[in-house]
Amino acid sequence: MHRHLAIVATTAGAGSTLYACHFLEGQLRSLDSSCTARTVPAAIDCLKKSGVAVAEGLRLDSNLVRDTMGMSAAKSMPTKKLKSSNRRRGVTLSKEQEQQNRMWRLSAIGRYHCRDEDKFDAKDMKVLERVEKEIWPLVAEFFRAEEEGMEGVYRSEMQLMTAVPGSTHQAWHKDNRGRGLSIIVPLVDFNAENGGTQLLLGSHESSCPVSSDQGAKVVIAPAGSVVAYDSRTIHRGLGNNTKEGRPALIFCYDRKQTPPPGTGTAGSIGTGLQGRVL
């Protein structure tokens, strides 16, 4: 009974945002300069205000982007939608195809994730450690802004993902109900056509619904950019309408006291509805 009431209440709350927002999910406006920061303190300020920051001062150099794309895992990245075996229809896979399916997990049509650390070899891990070293000043400053400091902070996720041509939009979602930091590092230029991340600015605040002067914005950023957002921010990856894949690295950091995802079925339904009406 209580569970059903929670779902109804969450759904009703999401529906009420329709009266406060006039932005439809089809809008593909880019993040403006107010979310761009040249220093770590400026990025923290952006994260507080809008929940999103593009940390210009931390952008990876082209050599590190090249080394990341040269990782063994990256070389095995799907370039098109993977086939699935179907004995009834006589569809069988080669060993190479089966291995690729095991390594790259599907989250939505055409969106694949390599997220288990044991799937990265030693050389790959060294490259990923170099990337993490570059973004760490932002991670540390984000958590030190709270009274708990770095207590209980851990990397909850590190993954390589791609959206292949023809991939579809993700469902709107949050990475965590509690405060945490998610970082996306595009490995090619991000834009609205190839599936750049779309975020609802301000949705990290408990006072949501989001005010209509913010709305949904798309990350348009060059390869190597450091795009950070509060884990409570409602977001989704867009579909890829180009002929090339759209790979990226994703790092997530949370506290052990509030591990992700931190939300149940009712929360997920509410978030999805909220994203659609904002």
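Contact here means heavy atoms within 4.5 Å.

## Model and confidence

This is a predicted model: local features need pLDDT of at least 70, side-chain atom pairs count only at pLDDT 80 or more, and totals for chains, interfaces and linings use all residues. Residues are numbered from 1 along each chain as its sequence is written, and side-chain values use heavy atoms, with hydrogens and water left out.

pLDDT is the predictor's confidence in each residue, from 0 to 100. The protein averages 85 on this scale, and 79% of the residues score at least 70. Residues 5-24 have a pLDDT below 50. This stretch still has 32 contacts in the model beyond near neighbours in sequence. Residues 263-278 also have a pLDDT below 50, with 38 contacts in the model beyond near neighbours in sequence.

## Overall fold

The protein has seven helices and 11 strands. Helices (H or I, at least four residues) and strands (E, at least two) are DSSP runs, numbered from the N terminus. Take contacts between residues at least 6 apart in sequence: 82% join residues at least 24 apart.

Of the 278 residues, 47% count as buried. Buried means under 20% relative accessible area, exposed over 50%, and partly exposed in between (1.4 Å probe, protein chains only).

## Second largest pocket

The second largest pocket holds about 410 Å³ of space. Its lining has 27 residues, and the closest to the centre are Q159, H173, D175, H235 and I250. Several elements give two or more residues to this lining: β3 (105-108), β4 (111-114), β5 (153-163), β6 (181-186), β10 (235-237) and β11 (246-255). The largest share, five residues, comes from β11. By class, the lining has 11 nonpolar, 10 polar and six charged residues.

Some terms apply here. The search uses a 1 Å grid over the protein atoms alone. A pocket is an open set of points with protein on both sides within 12 Å along at least five of seven lines; a cavity is a set where a 1.4 Å probe fits but cannot get out. Lining residues have an atom within 4 Å of a point. Grid points are joined across faces, edges and corners, and a volume is the space filled by probe spheres set on the points. Ala, Val, Leu, Ile, Met, Phe, Trp, Tyr, Cys and Pro count as nonpolar, Asp, Glu, Lys and Arg as charged, and the others, Gly among them, as polar.

## Cysteines

The structure holds zero disulfides (a disulfide is a pair of cysteine sulfur atoms within 2.5 Å). C35 is in no disulfide, and the nearest cysteine sulfur, that of C46, is 6.0 Å away. That distance is too far for a bond. C35 is buried at 1% relative accessible area. C46 is also buried, at 8%.

S167 sits in the loop between β5 and β6. With a relative accessible area of 5%, S167 is buried. Leaving aside neighbours within four places in sequence, S167 contacts I109, G110, R111, G239 and N240.

E244 lies in the loop between β10 and β11. E244 is exposed, at 57% relative accessibility. Beyond neighbours within four places in sequence, E244 contacts A163 and P165. P261 is in the loop between β11 and α7 (265-277). A cis peptide bond joins P260 and P261, with omega about 0°.

## Two buried sites

F190 is found in the loop between β6 and β7 (197-200). F190 is buried, with a relative accessible area of 3%. Its contacts, leaving aside neighbours within four places in sequence, include V219, I220, A221, R246, P247 and A248. F190 and P247 are 57 residues apart along the chain, and their C-alpha atoms are separated by 9.2 Å.

D124 is in helix α6 (residues 122-144). At 2% relative accessibility, D124 counts as buried. Beyond neighbours within four places in sequence, D124 contacts M71, S72 and A73. D124 and T68 are 56 residues apart in sequence and 7.7 Å apart in space, C-alpha to C-alpha.
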